[in-house]
Amino acid sequence: QAQLVESGGGLVQAGGSLRLSCVVSGLMFSINNMGWYRQAPGKERELVAAITSGGSTNYADSVKGRFTISRDNAKNTVYLQMNSLRSEDTAVYYCNAVRTIGGVPFGYWGQGTQVTVSS
């Protein structure tokens, strides 16, 4: 059974940094495309950053130059390094994995970790 467990969230002052981690089990990690999403109160969940199984990355415009997504296949872990945090980055951050089987994508989610940035 697939399981994604996030950690690393917390309270930080504006301008500070946090690193989120997501440990994946029950999936062949190296073949999954991974992503970090976030959802702020009253807003829809949005993609923050994604990384393919081949290591290609893409970012939301709002975090480009501040956030970095990476993965360690040996540890079945994906990271999100967040620098120069702003109050508008406050949200619950979710880890996502997408595995395609026979051309059909299957998505998996973690439980989320709260990030609060104080101004």
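In which sense do strands E7 and E8 pair, and over how many bridges? The model is a predicted one; in it, E7 (residues 67-72) and E8 pair in the antiparallel sense, over six bridges.

## The hairpin of E7 and E8

Between the strands of this hairpin lie four residues, and Asn-76 takes a positive phi near 50°. Within the pairing, Ser-70 stands opposite Tyr-79 of E8.

## The open sheet

E7 and E8 belong to an open sheet of four strands, with the order E1-E3-E8-E7 and antiparallel pairing. Strand E1 (3-7) and E7 are the edge strands, each pairing on one side only. On average, neighbouring strands of this sheet are turned by 15° against each other, direction ignored. Strands of a sheet pair through backbone hydrogen bonds.

E1 is joined to E3 by five bridges, and the two run antiparallel; Leu-4 has Val-24 in E3 as its bridge partner. Strand E3 (residues 18-25) also pairs with E8 in the antiparallel sense, over six bridges. Here the bridge partner of Leu-18 is Met-82 in E8.

## Burial of E8

Strand E8 (residues 77-82) is largely enclosed by the rest of the structure, because five of its six residues are buried.

## A nonpolar surface patch

Ile-101, Val-104 and Phe-106 make a nonpolar surface patch of about 240 Å². Of these residues, Val-104 is found in strand E10 (residues 104-109). Val-104 has a relative accessible area of 42% and is therefore partly exposed, a class that lies between buried, under 20%, and exposed, over 50%.

Note on methods: Residues are numbered from 1 along each chain as its sequence is written. This is a predicted model: local features need pLDDT of at least 70, side-chain atom pairs count only at pLDDT 80 or more; totals for chains, interfaces and linings use all residues. Side-chain values use heavy atoms; hydrogens and water are left out. Patches are made of residues with over 30% relative accessible area and no salt bridge: like charges are joined within 9 Å, nonpolar side chains (Val, Leu, Ile, Met, Phe, Trp, Tyr) within 5 Å. Accessible areas come from the Shrake-Rupley method with a 1.4 Å probe; for residues, only the protein chains shown count as cover. A salt bridge is a side-chain nitrogen of Lys or Arg within 4 Å of a carboxyl oxygen of Asp or Glu. Buried means under 20% relative accessible area, exposed over 50%, partly exposed in between (1.4 Å probe, protein chains only). Two strands pair if DSSP finds at least two bridges between them. Axes are lines fitted to C-alpha atoms, for helices over the stretch in contact, and angles run from 0 to 180 degrees between N-to-C directions.
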